[in-house]
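Colleague: Let us take the pockets, then the chain contact. Please put the model up.

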Amino acid sequence: MENQDKVKQMNGSGVKPGLAAEPTMRAQGKSEKVRDVAPADHRTPKAKSRGVNVYYGAKQALFSIDLDIFENEVTALIGPSGCGKSTFLRCLNRMNDVIDICRVEGKIEIDGDDIYSSGLDVVQLRERVGMVFQKPNPFPKSIYDNIAYGPRIHGLAEGKADMDEIVETSLTKAGLWNEVKERLHDPGTGLSGGQQQRLCIARAISVSPEVILMDEPCSALDPIATAHIEDLMFELKENYTIVIVTHSMQQAARVSQRTGFFHLGELVEVGKTEQIFQNPVDQRTQDYITGRFG
Amino acid sequence: MALAATAFALLVFSSFIIGQSRARASAGSSGLKLHSLPNYHGCYVALWAGVPALLILLLWLALEPVFLRSIVLDTIPERTASMSEQQLSVLFSEIQNKADGAFGITAADESLTRAIDSYKSLKRTSHFAMLAVFFSVCVLCLLFARSRIAPAFTARHAVEKAFNAFLFLSSLIAILTTIGIVCSLIFESIRFFQLVPFTDFVFGAKWSPQTAMRADQVASEGAFGAVPLFVGTILIAFIAMCVATPVGLFAAVYLAEYASKRTRVVAKPILEILAGIPTVVYGFFAALTVAPYVKDTAEALGLAASSESALAAGLVMGIMIIPFISSLSDDVINAVPQSLRDGSYAMGATKSETIKQVIVPAALPGIVGAVLLAISRAVGETMIVVMAAGLAANLTANPLSNVTTVTVQIVTILVGDQEFDSAKTLSAFALGLMLFFVTLLLNVIALRIVKKYREKYD
């Protein structure tokens, strides 16, 4: 009943239910059990950022971000466009290294390892921290080769049988196996948008990462495919730590246990999702979630 | 003539103004809203003033010589009565030349002078008549178009249709020219194959096109086996591609993926300058620098080499082709979406793994297209081969011996005096036709490959 109230409150406070109303109910139903065992904040965080500043050339994009990410939880990062939430996400697997003019200051630790220390191998970091992008980006290869890509790079499979198993497990975990098992050697680009995104999730989990970063994974998908992916996140968080950037506040409310609100490069507020959506401390958070700006 | 052209330009321009102002006036007086903008009315009138008159001008210029010829030749029936069609043509061009004063008006007999005079006066009359008709058509059409202008007149549609027709004509010209060239190749080749059997040409292993021009001349029978030429062409093109494909592709990968922005800005244009060097310059580079070097090196290694070799020509041709491959491949590699690179990096792939396993496969159709285009270029290249590979039609796969190619033989056959009914001259057309089919085949294969392996990124 508590969940129902939450939905009511959210609707009452100006968040549009829109098309996603039906998946909301489903997601809520599933979340009940999980929320009861939600880890308390005194646990050691899986990933920890302290005083992270990011600059694009002379322009500062993030200001002193302190954020903890806990294991087996979905952490949602919300905020208006250009607020730095994707930039922060990309700091966690050093994808910002690809951008020449980008400079990162501060400390980010995963399991106590400083990921920006000079001795760290980016290849190993990215094996531990997978990523799913806004637009589905399967490689122009077969479905099988898309999944086998990571295991091949990291030498995770001992032979064909081993690789077949990795492919099957990854696809099964991503809820795609039954749809594609008959056509594993068809191009991955031939799948529908939602299937492509699940393929990308399967690709990300093929190397058994500890953390999965999702950068607006549903913004290019229709509501049904979105519901699919959201259900998937519920299952995946049993085994993985998930950080998701989203523009949809309903989505953040549905899938996440913790939510961080970014605004103009600052982390304004972070806390349990229901607390952020029901009793935000900061006025800006209040304004954003009630739709007054953004 | 310049005066007439200026007058015509002014007329067309003023007709635009007339149409425009007439449209404005008609809208103003009737109080109705114009269907089309005044500019469209202006264009409409200008098109009517210009196009029909120009068409008539073209028609006139095409038909004038025909009429002039029959009229002028009729003035001297006593000379023309017994002449054949060819003699008539010669006579008429003589009259034309003398009338234009090309060779001075010497040694003209009475009847010829009469014909020349009549030609001159007719020509003058025709000229004035042409201008008169031209400008009257121009003005009449202008007036007609002007009379049609009314607020409800759909000038925009008319102008759009005219524009459409203009574009259609442009593409038609390109297509008809191609068809014309192919037809001329085919007809001349048919004449050739009446003299030399088709199988001898396609499968013959000896090429020696020297035939006797006069009955008493000592010359060989003439052998028209095209195989040595095609083998030579393939050999040189193969050597060229062996140089150009890897170098061009690696250069493209470096430029697209590794080079800093600054390097790229400098390096890419320099590489493209290679494509701007005239092939004849490459030719003497090949003949004077590379060929002797190849010969010396080969002899130092104890191999027999001629001073002109397929290897020298192929190497230099390969260098010439590098920018084709590198520039096109660079473009297709850049067109691979960043999201694919991100996806690969996010899986923990290094830069070179990403290039090998994602970027190059994704860009492969474009790269194959670039390579096939370069092959067409290599097959059609002439100058370097003339200068560096020689003229001897040797049937060999040895890159150190001198060979010749199809294009080179076409050049040597058609340089200098020739008679257009000998097998030697006609063989150039047959070679051209075969070369055309080979290149066409390459292009078709290229298109098929590109289509088959095209990956949709989105």
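Colleague: By class, how many charged residues are in the lining of the largest pocket?

Modeller: This is a predicted model, where local features need pLDDT of at least 70, side-chain atom pairs need 80 or more, and totals for chains, interfaces and linings use all residues. Residues are numbered from 1 along each chain as its sequence is written, chains are lettered from A and ligands numbered from 1 in written order, and side-chain values use heavy atoms, without hydrogens or water. A pocket is an open set of 1 Å grid points that fit a 1.4 Å probe, with protein on both sides within 12 Å along at least five of seven lines; lining residues have an atom within 4 Å of a point. Here eight lining residues are nonpolar (Ala, Val, Leu, Ile, Met, Phe, Trp, Tyr, Cys, Pro), four are polar (the others, Gly among them), and the number charged (Asp, Glu, Lys, Arg) is 10.

Colleague: Which elements give two or more residues to the lining of the largest pocket?

Modeller: The largest pocket holds about 660 Å³ of space. It is lined by 22 residues, and those closest to the centre include Val98(A), Asp100(A) and Glu257(B). Helices are DSSP runs (H or I, at least four residues), as are strands (E, at least two). The contributing elements are, in chain B, α8 (227-258), α9 (261-276) and α12 (338-346).

Colleague: And in the second largest pocket, which elements give two or more residues?

Modeller: About 430 Å³ of space lies in the second largest pocket. Of its 14 lining residues, Leu47(B), Val51(B), Ala162(B), Phe163(B) and Phe166(B) are closest to the centre. The elements, from chain B, are α2 (38-74) and α6 (155-195).

Colleague: Which residues of chain B lose the most area to chain A?

Modeller: The contact (heavy atoms within 4.5 Å) takes 20 residues from chain B and 24 from chain A. The chains bury about 1,800 Å² (accessible area lost, 1.4 Å probe, summed over both), 61% of it on carbon and sulfur atoms. Together contributing 34% of what the chain B side buries, the residues are Ala346(B), Met347(B) and Gln357(B).

Colleague: How many salt bridges are counted between chain B and chain A?

Modeller: A salt bridge puts a Lys or Arg side-chain nitrogen within 4 Å of an Asp or Glu carboxyl oxygen. Over all chains, the structure holds 23. Between chain B and chain A, the count is zero.

Colleague: With which residue does Lys46(A) form a salt bridge?

Modeller: The closest N and O atoms of this pair are 2.8 Å apart. Its members are 65 residues apart, with Lys46(A) in the loop between α2 (21-36) and β1 (47-56) of chain A. The partner lies in the loop between β4 (102-110) and β5 (113-114) of chain A: Asp111(A).

Key. Grid points are joined across faces, edges and corners, and a volume is the space filled by probe spheres set on the points. Buried area is the accessible area (1.4 Å probe) that two parts lose on being put together, summed over both.
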